[in-house]
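The sequence and the model are shown first.

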Amino acid sequence: MSFISGFLTKDFCSIVADGRMSQGAKMVGENYKKFMLAESNILIATTGNAQVADIIKDFIKRLHVQSNGAQLNWQLYVNVIQQFVKETLKEAKDIDGNCVNQIVVICGVNGNKIMALAFGQTDAGYIQREYLPEENEQKFFTMTPPGVNPDAVTKEFISITNKIEIRTYSDIVIVQSKLQDYVAEIDSGKSVNTHKMGMGARIDGINGRFKEWSSGN
């Protein structure tokens, strides 16, 4: 299973991912942190190929070393991740010799706006999507595992929000965690799927900082 959900408004964002990671068809972990704080207000999340995720994490560490402690900007991360996904991953193979299907999401503050960008290599080819909420608008998006209908996930999201009164941003995090549980249950790609931990991060306000959180089984 590999699932990411994002919820954005003009002054808030929350990203949630499961913790299951793979190398080819083999599961290598159930509690892998699939997101990384690139900066205090920029987060990068990825779907579940462990080798690709480790490459991205190592690359971010090298960027920080080269910057000598200076904060790096949004566009730099966008450029390097876009190039990595669009060019390097295009011909990448996993340990079983299959093409790597991977989506990388950059979320956070770009200037005076909160937004998210998704870059991916899938069976359908390269994808690139932008999520930028307007005034009084909410943006909800998901990256679903193969075999899981995105429309079904969106329908479940609506069903959950109809049952839970949304009063605070913390309520959104609860909704995302429940949605992650739902996807874990219906994922048809694995014969056994017991992992139901949502791990993510959220940021409040343009000048806010990402705060990590997790939800147990």
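In β7, valine 104 is the bridge partner of threonine 46. The model is a predicted one. β6 and β7 run antiparallel and are joined by five bridges. β7 also pairs with β8 in the antiparallel sense, over nine bridges, and isoleucine 106 stands opposite leucine 117 in β8. The hairpin of β7 and β8 has two residues between the strands, and glycine 111 takes a positive phi near 70° there.

| Strand pair | Sense | Bridges |
|---|---|---|
| β6 and β7 | antiparallel | five bridges |
| β7 and β8 | antiparallel | nine bridges |

Is β7 enclosed by the rest of the structure or exposed? Eight of its nine residues are buried, and therefore β7 is largely enclosed by the rest of the structure.

**The nonpolar cores**

The largest nonpolar core comprises 24 residues, and those with the most contacts inside it are Ile44, Ile56, Tyr77, Ile81 and Ile106. Two or more residues each come from β5 (35-39), β6 (42-46), α1 (50-67), α2 (74-88), β7 (102-110) and β8 (113-122). The element that gives the most to this core is α2, with seven residues. When neighbours within four places in sequence are left aside, isoleucine 81 is in contact with Ile44, Ile56, Val104, Ile106 and Phe119. Another core, of 23 residues, lies apart from the largest one and includes Val105, Ile127, Phe141 and Ile203. In soluble globular proteins, nonpolar side chains tend to be buried together.

Technical notes:
Residues numbered from 1 in each chain as written. Predicted model: local features only at pLDDT ≥ 70, side-chain atom pairs only at ≥ 80, totals over all residues. Heavy atoms only, no water. Core = buried A, V, L, I, M, F, W, Y, C linked by side-chain atoms within 4.5 Å. Buried < 20%, exposed > 50% of the residue type's maximum accessible area, 1.4 Å probe, protein only. Helix = DSSP H or I, 4+ residues; strand = E, 2+ residues; numbered from the N terminus. Contact = heavy atoms within 4.5 Å. Pairing = 2+ DSSP bridges.
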